[in-house]
Amino acid sequence: MRNRIIGLTVLSALLAIGLFGIPLAVGLIRYYTGDEKTELERAADVAALVVSAQPVPGHPVPRLPRTDPGTTVAVYGTGGRWLFGPGPHDPDPVVTGAGGGETQSDVVGGDFVVAVPVLDRGRVVAVVRAATPSGEVYQRAGLTWLVMTGLAVVAIGVVYVVARRQAARLARPLEELSTTAARLGHGDFSVRAEHSGVAEIDSVGGSLNSTASRLGDLVARERAFSSDASHQLRTPLAGLRLRLEAALDTPPADPGATLRAAIEDTDRLERTIDDLLALARDARPHAAQVDLDALLAEVRSGWGGQLTERGRALHVQQDPAVPVPLASTAALRQVLTVLLDNAVEHGQGAVTVRVRDAGEAVAIDVADEGAGISTAETALFTRRSGRGHGIGLALARSLAEAEGGRLGLTSSSPPVFTLLLRGATSEPNTHPGFADR
């Protein structure tokens, strides 16, 4: 590409110089020829004045004025008879033509020749012939052409140097952009195009960077889906398995009730998968008002039995006049699933889910009566593994932040996790509880 830019630039310069220089060279030779003829005519006119002042032209021989080196002046009488001066004794066509009373000029025998008639009372009494070798004119033109050629070579050289610099300036970012695109094509979504200073190239680079960022996010979400799904499905699958194994070991009096409960567990699993797919692909709808009553009813039906089987209780509380939270129901359901699963698996005693008014926000507390959490909050919410362990709280926080909310550990002993969400009457990020920590 660099050679192409350089070649096209130099070719353009050659065309420009040719289109300008060739007509100039032609005009220059015409100018030198015309100038030389003018000088010859002037010399012949001066000599004609001297000759016309003689009483009898040619007797005695007049003293002709000095001329430029290489210029000769001769005088001819009537009939073309040579009288004196360096010139051919036989009149040439130019001298013969001037005998008719008009100034003549032409190239004769390699010389520029000008003949001027000398008039006396309207009658031609003599002809003055001035001549100079044409080679001198062409020599002057050749020297000028040589200088012009030298200047053209210098101009081409300058154009070549500038073209190389510009080619490097343009080609380097394009080559880097090509390398960046190739790396992106091989799956390196962290690659980014550097700023080049060329607006058009930077525009393409910006689009490539946006594409790489979107592809990276998409692939990261798809890769995270398996880990998130493993974590979110592990507990309900285990509960379903235990329910079915218990029914096999000790057949219940009402098998239909067991099957209906298993179907409900299956429905929850299917809903969890749908939620995770929508969240992983960023296909969730915009934040809408969450039906708290329905969501809390799901919590009671889905977790009350598990805790009862473990000899523990579930308390679900909702303060009066709580604002309606603005969030994706799927995301909120998964956050509560993580917090409740954490309380069931790692906590002790009763589990309490409380929904309360936090000013312009809605706070949802999930607490248990365990001994407490000693892990630092930063490490607690850090994704530590991609195989279903150590990712639940990190997933919950990321989902909460994606909905414009915040999730944190508000009490380590007994452990209390608090989820803050915008209320339906609040503006985004206006409540102090939403400030970055």
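Reader: How many bridges join β3 to β4, and how do the two strands run?
Author: The strands β3 and β4 run antiparallel and are joined by 5 bridges. Two strands count as paired if DSSP finds at least two bridges between them. Helices (H or I, at least four residues) and strands (E, at least two) are DSSP runs, numbered from the N terminus.

Reader: Which residue takes a positive phi in the hairpin of β3 and β4?
Author: Gly-109 does, with phi near 55°, in a hairpin that has 2 residues between the strands.

Reader: Before going further, what kind of model is this?
Author: This is a predicted model, in which local features need pLDDT of at least 70 and side-chain atom pairs count only at pLDDT 80 or more, while totals for chains, interfaces and linings use all residues. Residues are numbered from 1 along each chain as its sequence is written, and side-chain values use heavy atoms, with hydrogens and water left out.

Reader: Back to the strands. What is the order of the open sheet?
Author: The order is β2-β1-β5-β4-β3, 5 strands with antiparallel pairing. At the edges are β2 (82-84) and β3 (104-108), each of which pairs on one side only. Neighbouring strands are turned by 30° against each other on average, direction ignored. Axes here are lines fitted to C-alpha atoms, for helices over the stretch in contact, and angles run from 0 to 180 degrees between N-to-C directions.

Reader: How many bridges join β1 to β5?
Author: There are 5 bridges between β1 (residues 72-76) and β5 (residues 123-133), and these strands run antiparallel. Ala-74 stands opposite Arg-129 in β5.

Reader: Which strands does α1 lie across?
Author: Helix α1 lies across β1, β2, β3, β4 (111-120) and β5, and runs at about 30° to β4. Helix α3 (residues 134-185) also packs on the sheet: α3 touches β4 and β5, and its direction makes about 45° with that of β5.

Reader: Which residues does Thr-33 touch?
Author: Thr-33, in helix α1 (residues 2-52), touches Phe-112 and Val-137, not counting residues up to four places away in sequence. Contact means heavy atoms within 4.5 Å.

Reader: Is Thr-33 buried or exposed?
Author: Thr-33 is buried because its relative accessible area is 16%. The classes are buried under 20% relative accessible area, exposed over 50% and partly exposed in between (1.4 Å probe, protein chains only).

Reader: And where is Val-137, and what is it in contact with?
Author: Val-137 is in helix α3 and is buried, with a relative accessible area of 2%. Leaving aside neighbours within four places in sequence, Val-137 is in contact with Tyr-32, Thr-33, Glu-36 and Phe-112. The C-alpha atoms of Val-137 and Asp-35 are separated by 9.4 Å, although these residues are 102 apart along the chain.

Reader: How many aromatic pairs does a search of the whole structure find?
Author: The search finds 3. One of them is Phe-112 with Tyr-138, whose ring centres are 6.4 Å apart and whose planes are at 50°, so the pair is tilted. Rings of Phe, Tyr and Trp (its six-membered ring) pair if their centres lie within 6.5 Å; planes under 30 degrees apart count as stacked, over 60 as edge-to-face and the rest as tilted. The pair links strand β4, which holds Phe-112, to helix α3, which holds Tyr-138, across 26 residues. Phe-112 is buried at 2% relative accessible area, whereas Tyr-138 counts as partly exposed at 46%.

Reader: What about Phe-381 and Phe-417: buried or exposed?
Author: Both are buried. Phe-381 and Phe-417 form an edge-to-face pair, 6.2 Å centre to centre, with 80° between the planes. The charged end of Arg-397 sits over the ring of Phe-381, 3.9 Å from its centre. The criterion is NZ of Lys or CZ of Arg within 6 Å of the ring centre and within 35 degrees of the ring normal.

Reader: Changing topic, which peptide bond is cis?
Author: The bond from Ser-413 to Pro-414 is cis, with omega near -5°. Pro-414 is in the loop between β11 (406-412) and β12.
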